[in-house]
Amino acid sequence: MVNRKLIYKIIGSLLLLEAGFMVLCVIMAIIYGSSEIVPFIISLLITAGAGMGLVRLGHDAPTMMTRRDSYAVVTLTWLAFSVFGSLPYMLSGIIINPTNAFFETMSGFTTTGASILDDVEQQLDSHHAILFWRSLSQWIGGLGIVFFTIAVLPSMVSGSTRVFSAEATGPIRTKMHPRLSTNAKWIWSVYLALTLGCAICYFVAGMDWFSAINYSMTTTATGGFSIHNDSLAHFQTPAIEYIGLIFQFASGINFTVLYMLIVKRQFKTFYKNSELRFYITLVAVCTVVIALLLMTHNGYGVEHAFRSSCFQVVSLMTTTGIFCDHVGQWPHITWIILAALMFIGACAGSTSGGFKSIRAFMICKVIKNEFVRLLHPRAVLPVKVDGHAMPSAIVQNLLAFFAIYIIVCMATTGLMMAIGTDITNSAIISLSCVNNVGLPLNELGPDMAWSDMHWATKWLCAGLMLMGRLEILNVLILLTPSYWKDN
C-alpha cells in the first residue's frame with residue numbers, strides 16, 4: 001500500500017519550501033509599496049502551517065520510497081502547490097473565484113501560460129508582487145517542483161531516483177553523475193544561468209529591471225505569462241524579440257546537453273544528439289517555409305518575415321505560446337504547421353511541454369521500419385537513437401503513450417463540447433492544455449478568452465495541464481485499481 005506518512009512528510013516539507021518562495025513576494029511588495037504585503041504574509045503563514053502539520057503527521061515515517069509512493073508524491077505535490085499557491089490571488093482580491101484562482105495557479109506551475117486575466121495591465125497595475133508570483137510560479141515549475149527539491153534537499157528521502165522518474169519528461173533518462181542530487185544541482189545551475197543571462201539581455205535591450213526579471217523567468221521556463229497584454233510585442237523592439245527567440249530556443253534543448261556544452265565543453269554532443277538534430281531541423285525548415293509564405297502572401301520584408309516566422313515557430317514548438325505578430329492574419333497553412341509543432345514540442349529534459357521531439361523522432365523510425373518490413377518480413381529492424389538500439393520496452397511505452405495522448409485529447413474535446421464549447425475551441429483548448437501551451441484563444445479560431453469558459457471546463461483544463469506536465473500516464477496510474485492493491 002501507499003506509505004501515507006512518508007507522503008505527508010514530503011509534501012509538508014515541500015509546502016514549507018513554497019512558503020519560502022512567498023517570502024520573496026513579500027519582499028517585492030515591500031520594495032514597490034504594493035498592497036499585497038498582508039495577503040502574502042497570510043498566505044505564507046497558512047502554507048507554512050499546513051506544511052508543518054503534515055511534517056508532524058509523518059515525523060516517524062520510514063525514509064525508503066517505493067515506485068508506488070513516488071507517483072502519489074509527485075501528483076499530490078503539484079496539486080498541493082497549486083491549491084496553496086492560489087491563496088495570494090484570492091486574499092488580495094485579484095481573483096476572488098476559487099476556480100479561477102486554481103486555474104491561474106495550475107497554469108503557472110505547469111508553465112502552460114493560459115490566463116483568466118483578460119487585461120493584465122489594467123487588473124494588475126501596481127500589483128508588482130502578484131505579477132512576480134505569476135512569473136515565479138512558472139519558473140519554479142519549469143524543471144519540476146520535486147526535481148528542484150532533489151537539488152536543494154538531496155537527503156530528505158531515499159528513493160529520489162523514483163521521484164525523478166515520475167516527474168521527468170521523455171522516454172529516455174540521461175545521467176551526468178552517479179548521484180542524482182549532483183545531476184539536479186548542475187541542471188538547475190544551467191537553468192539559473194540561462195535565466196540571469198536572459199534578464200541581463202532584456203535589460204540591455206531596453207526593459208526596466210522588473211520587466212526583465214519577470215520576462216526572463218517566463219521565457220526560460222517556456223511558460224508565456226506576461227506582465228503586458230501583448231507580451232514582448234508591447235516593446236516594439238526587434239532586439240527584444242530576438243532575445244526572447246534565442247532563450248526560448250535554448251530552453252527547449254535538453255538541459256543535460258546544455259550542461260555538456262557549457263560545463264564540459266563537449267561540442268560534439270550537439271551534432272551527435274539525434275533529438276537535437278531533429279529539433280533544429282524542424283525549426284529551420286518550418287521557419288523558412290512560413291517566412292516564404294509571409295513574403296509571398298502578406299508582403300513582409302525578408303527580415304520581418306524571418307523574425308516573425310522564427311519567433312512563432314520556436315514559441316509554439318517550445319510550448320511558450322507567446323506571439324509577436326498577428327498570426328490570425330497569416331495564411332491558414334501556417335496555422336497547421338504551427339499546430340503540428342505545438343503537438344511535437346521541443347526536447348525531452350527541457351522546460352517545454354508537448355509530445356517531445358525524441359518521441360516524434362522515434363515514431364518516424366518505427367514507421368520507416370514498418371515500410372521496410374513489408375518488403376523484408378524477416379528483417380531485424382531495431383529503433384536506434386544516437387546509434388543505440390532502444391529496448392523493446394521503451395518502444396512499447398512510446399506507442400502506448402502516443403495512443404493515450406490521442407485518446408485524452410479526443411475525450412476531453414468531446415467533454416468540452418458536451419459542456420457547451422464549440423468544436424473548434426474545444427479542440428484548440430484541449431491541445432493547448434495537454435501540451436502546456438496556453439494559446440491566447442483570440443489568436444486562432446473564434447474570438448474567445450479563457451475567462452469565458454464554463455467553470456467545469458476550467459477544472460477539466462486544470463487537470464489536462466497537470467497531466468500534460470507529468471506525462472499523462474504518471475497521473476492516470478493513480479486512477480487504476482491495480483495501483484491501490486496491496487501487492
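How many aromatic pairs does the structure hold? In this predicted model, the structure holds 23 aromatic pairs.

**Figure 1. Crossing of helices H3 and H5.** Helix H3 spans residues 67-85 and helix H5 spans residues 98-109. Their axes come within 8 Å and cross at roughly 130°; the two helices are therefore oblique to each other. The crossing of H3 and H5 is right-handed. On the H3 side, the contact is made by Trp-78, Leu-79, Phe-81, Ser-82, Val-83 and Gly-85, and H5 contributes Phe-102, Thr-105, Met-106 and Phe-109. Sorted by class, the residues of this contact between H3 and H5 comprise seven nonpolar and three polar, with no charged residue.

**Figure 2. The aromatic pair of Tyr-202 and Tyr-215.** The rings of Tyr-202 and Tyr-215 are arranged edge-to-face, with 6.5 Å from centre to centre and 70° between the planes. Tyr-202 belongs to helix H10 (residues 180-205), whereas Tyr-215 belongs to helix H11 (residues 209-220), so the pair ties together parts that are 13 residues apart in sequence. Both Tyr-202 and Tyr-215 are buried.

**Figure 3. An aromatic cluster of Phe and Tyr residues.** One aromatic cluster is formed by Phe-343, Phe-355, Phe-401, Phe-402 and Tyr-405.

**Figure 4. Packing of helices H19 and H21.** The axes of H19 (residues 392-419) and H21 come within 10 Å and cross at roughly 170°. This angle makes H19 roughly antiparallel to H21, because angles over 145 degrees are counted in that class. From H19, the residues Val-408, Thr-412, Leu-415, Met-416 and Ile-419 take part in the contact. They meet Ala-456, Thr-457, Leu-460, Cys-461, Leu-464 and Met-467 in H21. The contact of H19 with H21 consists of nine nonpolar and two polar residues, and none that is charged.

Figure 5. Leaving aside residues up to four places away in sequence, Thr-457 touches Met-416, Ile-419 and Thr-421.

Notes
Residues are numbered from 1 along each chain as its sequence is written. This is a predicted model: local features need pLDDT of at least 70, side-chain atom pairs count only at pLDDT 80 or more; totals for chains, interfaces and linings use all residues. Side-chain values use heavy atoms; hydrogens and water are left out. Axes are lines fitted to C-alpha atoms, for helices over the stretch in contact, and angles run from 0 to 180 degrees between N-to-C directions. Helices (H or I, at least four residues) and strands (E, at least two) are DSSP runs, numbered from the N terminus. Angles under 35 degrees count as roughly parallel, over 145 as roughly antiparallel, 65 to 115 as roughly perpendicular and the rest as oblique. A crossing is left-handed if the near helix is turned anticlockwise from the far one by less than a right angle, and right-handed if clockwise. Contact means heavy atoms within 4.5 Å. Ala, Val, Leu, Ile, Met, Phe, Trp, Tyr, Cys and Pro count as nonpolar, Asp, Glu, Lys and Arg as charged, and the others, Gly among them, as polar. Rings of Phe, Tyr and Trp (its six-membered ring) pair if their centres lie within 6.5 Å; planes under 30 degrees apart count as stacked, over 60 as edge-to-face and the rest as tilted. Buried means under 20% relative accessible area, exposed over 50%, partly exposed in between (1.4 Å probe, protein chains only).
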